[in-house]
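Hello,

Here is the structure we spoke about, handed over with some notes on what was found in it. The notes follow below, grouped by topic.

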Amino acid sequence: MERQLANWFNTDRLVERGAIWDVAWLDSGRLAAVHDDCLLEIHDLENGSVVCFSGEGYGARILRSSPPIVQIGPPASALGEAMRSRLQVLRDGRLAEFGVFEGVYTFVSSRDGRILGRRDRHPAGVGQADVLIDIGTGQARFADLGHYDCFNHHIGIDGAPDLYLLQGTPPTSHKKKRLCRVRPDGTVEDLWPLLPADGSHASHAMECISCYVEDDAGRGIVVAGRHYHPDPRQGHHGFIYRKAIERPGREIWRHATAAAASAVVHVAPIGLVVAALLDGTILVLDAAAGTVVAKASAAVDGVATVIYAMDASDASLAVGTFDGCIAVIALDELSADGGILELA
């Protein structure tokens with residue numbers, strides 16, 4: 001296959017580059033990223049240096065906690081074995097073990113120093129419940145917060161003042177999902193239904209990703225996802241909306257999209273919400289009004305790409321793509337040439 005590809009592209013050498021799973025600003029001059037070839041790498045944008053941390057496994061996600069915590073994915077040799085989820089903390093320029101949990105977990109953090117781990121109900125692993133972790137003490141306590149699988153219940157709200165999750169109705173279900181907030185004592189507060197329950201297939205939300213927003217329009221959540229359809233060839237219609245957190249979850253704005261989103265961020269200093277869609281589109285919205293500021297297809301050196309991860313700092317947007325590229329975009333100078341946003 002490698003020889004055939006080399007002949008096809010008329011090149012003597014192929015370079016295999018994995019996806020950038022996450023990017024995160026550590027400060028205004030340093031950008032962290034994770035991918036299959038390292039646990040974590042830190043790019044100094046002023047002098048061009050790169051610090052790379054290696055070890056068993058790979059970096060899968062960077063929590064926007066203080067200090068930053070990295071979720072470590074298992075090495076390829078561990079696939080098929082009993083799965084464990086590992087967290088490492090970045091402190092004083094070093095990565096150190098923070099916690100190991102039996103089972104497959106997806107983690108998010110909150111500004112008040114908590115981490116929520118949702119246990120995937122996958123056959124691999126022996127974990128029995130979800131986990132709440134105090135970052136300051138490292139103490140973990142377990143609770144069953146309802147069924148979780150990554151296609152149905154992932155919401156990905158990280159770095160917000162509180163912890164959020166999706167629950168079905170009842171919590172053991174994947175249908176009639178509701179956005180919920182996890183109080184510090186571990187109890188769950190119901191906020192609003194993710195989509196109106198009209199009895200149609202389209203009222204079933206899948207592949208969601210969200211972010212917390214706070215501005216002159218109040219405190220809210222931007223939710224992007226995809227409407228379910230029993231025919232996968234037809235199930236490409238997505239949505240993105242903003243609702244107020246305070247009950248009853250008043251809708252501020254809403255748009256239909258052509259695909260689900262891989263990442264959504266709030267660029268608070270300039271009042272924008274940026275969404276990266278899985279069809280390669282990057283959508284820039286006014287956070288308060290919801291009006292479309294820009295819409296373009298992402299590309300690197302003229303070749304279409306898909307953005308997997310984003311993080312915002314001031315007016316700069318860092319992105320990581322599915323073909324292993326990292327770019328920084330100045331959003332106040334955002335422009336698209338013929339509908340193409342050239343990341344290079």
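**Aromatic residues**

One aromatic cluster is made up of F101, Y105, F107 and F142. Please keep in mind throughout that this is a predicted model. The structure has eight aromatic pairs. One of these is the pair of W8 and F9, with 5.1 Å centre to centre and 35° between the planes, and it is tilted. An angle of over 60 degrees would have made a pair edge-to-face, and one under 30 degrees stacked. W8 and F9 are both exposed.

**Salt bridges**

How many salt bridges are there? The count comes to 14. Three of them are described here.

R64 and D22 meet through their side chains in a salt bridge, at 2.9 Å from N to O. This pair links distant parts of the chain, as R64 sits in the loop between β5 (58-63) and β6 (69-73) and D22 in strand β1 (residues 20-27), 42 residues apart. D22 has a relative accessible area of 5% and is therefore buried, the cut-off being under 20%. R64 is partly exposed, because its relative accessible area is 27%.

The side chains of R226 and E207 form a salt bridge of 2.8 Å, N to O. Here too the pair links distant parts of the chain: R226 belongs to strand β17 (residues 218-227) and E207 to strand β16 (residues 205-215), 19 residues apart. R226 has 14% relative accessibility, so it counts as buried. E207, at 24% relative accessibility, counts as partly exposed.

Is R114 buried or exposed? R114 counts as buried, because its relative accessibility is 10%. D112 has a relative accessible area of 40% and is partly exposed.

**A negative patch**

Which residues form the negative surface patch? The patch is formed by E2, E16, D36 and D37. D36 lies in the loop between β2 (30-35) and β3 (40-44). With a relative accessible area of 40%, D36 is partly exposed. That value also meets the condition for patch residues, because they need over 30% relative accessible area and no salt bridge.

**Backbone points to check**

Some backbone features may be worth a look on your screen. Most residues other than glycine have a negative phi, and most peptide bonds are trans. The following entries depart from that pattern.

- The peptide bond from S66 to P67 is cis, its omega being near 0°. P67 is placed in the loop between β5 and β6.
- P170 is in the loop between β13 (163-167) and β14 (178-182).
- K176 is not a glycine, yet its phi is positive, at about 50°. K176 has its place in the loop between β13 and β14. With a relative accessible area of 57%, K176 is exposed.
- D92, also not a glycine, has a positive phi of about 55°. D92 is found in the loop between β7 (84-91) and β8 (94-102). D92 has a relative accessible area of 78%, so it is exposed, the cut-off being over 50%.

**A contact along the chain**

Where is A224? A224 is in strand β17, the strand that also holds R226. A224 is buried, because its relative accessible area is 2%. From A224 to F239 the distance in space is 5.5 Å, C-alpha to C-alpha, while the two are 15 residues apart in sequence.

Regards

Key: Residues numbered from 1 in each chain as written. Predicted model: local features only at pLDDT ≥ 70, side-chain atom pairs only at ≥ 80, totals over all residues. Heavy atoms only, no water. Patch = residues over 30% accessible without salt bridge, like charges linked within 9 Å, V, L, I, M, F, W, Y side chains within 5 Å. Areas by Shrake-Rupley, 256 points an atom, 1.4 Å probe, with all protein chains shown as cover. Salt bridge = Lys/Arg side-chain N within 4 Å of Asp/Glu carboxyl O. Lys, Arg positive; Asp, Glu negative; His and termini not counted. Charge placed at Lys NZ, Arg CZ, Asp CG, Glu CD. Helix = DSSP H or I, 4+ residues; strand = E, 2+ residues; numbered from the N terminus. Buried < 20%, exposed > 50% of the residue type's maximum accessible area, 1.4 Å probe, protein only. Phe/Tyr/Trp six-rings, centres within 6.5 Å; stacked < 30°, edge-to-face > 60°.
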